[in-house]
Amino acid sequence: MKNQVYISLMLMSFLSSCGKKVEETKPIKKDVVETVFASGILEANETYSLTALSDGYLTNVSFKENEIVRAGQILAVIDNKQNALNTESATALYDIAQQNTSPNAPLIAQAKISMGTANKKMDFDFEQMQRYKLLSEANSIPRIDYENKVLQYQTSKANYQNAEENYAQQRQQANQQVVINKAQKNVNSVISNFNQIKAVHAGKVYKKIKQKGDFVRKGDVIATIGDADFIYAKVSIDEGSISKVKIGQEAVIQLNINKNKNYKGKLAEISPMFNEETQSFVCKIYFTDPLDFNIINTQLQVNIITGMNKNALLIPRKYLGFGNLVIVKDNETPVKVKTKFVSSEWVQIESGIDANTVIVTDKK
């Protein structure tokens, strides 16, 4: 029985000696840089998608990736025969409409002849009416004969007025048709030009998506084009951090291809709209250091400097316990501290302990 107790005591002593060693330290004072972390990509300024404006096969694609293109340059051609036929038809109809406005156009010429005939008839009936008026006044003819001539003149006068209005209407309709057909011709000419895909503004072709022979639909992206010389960091910042960042704040940028190299930059733009898809705010950071790697969509990390704390009181992260409690040497109870920030390595202390306080790790 004594041997059993002795063995148990030895085992307990061995387990205690193998437990976690208690460490102690004092807080240190150090300048602390406050930052907001964000991730993102490289993006060229004024990047846009070159899109197809009509349906058809690409019969010509005259650009390559990394090529510099100028504004208005034809980069691709779509084979859309319908647009060409519509333009040809609209041009022909416009030519016909123009011909129909000439004095020799059939409808206008017929209306003019009818107006001339009606005018002669009106003049003849007017002379007849005047003659019968004199005869009636001299009692040479019955009054009814004169009244019939008056009625006849009034009828021929109304017919002339109708013919005159018809002539004016025919000319107006012909001119209206010219306007309509001209507009349709111009519209179809513009649509026909949609078969030629042109660069919106000068830039560099960063990505070629479609090739010669591909079938495209209206709205399909053919290439991505952007500024050849101006590349910035496009980053996403979460809701909890966006209030800390301001335009003009300095930033340290690391490209994922080489995390050992830092680039300096400045926060240049904060998007006014929340991005529902990424649940974040999009910001632009311009490089103030020369950028020696300019492949867009390269992933990166950014630390935006939001503040500086001089002589901040810091303790290692492992000395902070649950509930912001620290164990002070020779104290029976833990001390609650107020923290400003907590990272994976350090904790900034605002109150509760000072630089002379000796703190220890929990031995458990």
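Q: In which sense do strand S4 and strand S6 pair, and over how many bridges?

A: Strands of a sheet pair through backbone hydrogen bonds, and the pairing is either parallel or antiparallel. In this predicted model, strand S4 (residues 56-61) and strand S6 (residues 74-79) pair in the antiparallel sense, over four bridges. Within this pair, Asn 60 stands opposite Val 77 in S6.

Q: What is the order of the strands in the open sheet?

A: The open sheet has four strands in the order S7-S6-S4-S9, and their pairing is antiparallel. Strand S7 (196-198) and strand S9 (215-216) are the edge strands, each pairing on one side only.

Q: How many salt bridges are counted?

A: Side chains of opposite charge can pair when their charged atoms come close. The count here comes to 10 salt bridges. One of them joins the side chains of Lys 234 and Glu 43, with an N to O distance of 3.6 Å. Lys 234 belongs to strand S11 (residues 231-237) and Glu 43 to strand S2 (residues 28-44), so this pair ties together parts that are 191 residues apart in sequence.

Q: Is Glu 43 buried or exposed?

A: The relative accessible area of Glu 43 is 18%, and the cut-off for a buried residue is under 20%, so Glu 43 is buried.

Q: Where do Glu 147 and Arg 143 lie?

A: Both residues lie in helix H4 (residues 143-193). They are four residues apart, which is about one turn of the helix. Glu 147 and Arg 143 form a salt bridge, and their closest N and O atoms are 3.8 Å apart. Glu 147 is partly exposed, with a relative accessible area of 40%.

Q: Which residue meets Lys 338 in a salt bridge?

A: The side chain of Lys 338 meets that of Glu 350, at 3.8 Å from N to O.

Q: What is the relative accessible area of Lys 338, and how is the residue classed?

A: The value for Lys 338 is 51%, and a residue is classed as exposed when the value is over 50%; Lys 338 is therefore exposed. Glu 350, at 42% relative accessibility, counts as partly exposed.

How values were computed:
Residues are numbered from 1 along each chain as its sequence is written. This is a predicted model: local features need pLDDT of at least 70, side-chain atom pairs count only at pLDDT 80 or more; totals for chains, interfaces and linings use all residues. Side-chain values use heavy atoms; hydrogens and water are left out. A salt bridge is a side-chain nitrogen of Lys or Arg within 4 Å of a carboxyl oxygen of Asp or Glu. Helices (H or I, at least four residues) and strands (E, at least two) are DSSP runs, numbered from the N terminus. Buried means under 20% relative accessible area, exposed over 50%, partly exposed in between (1.4 Å probe, protein chains only). Two strands pair if DSSP finds at least two bridges between them.
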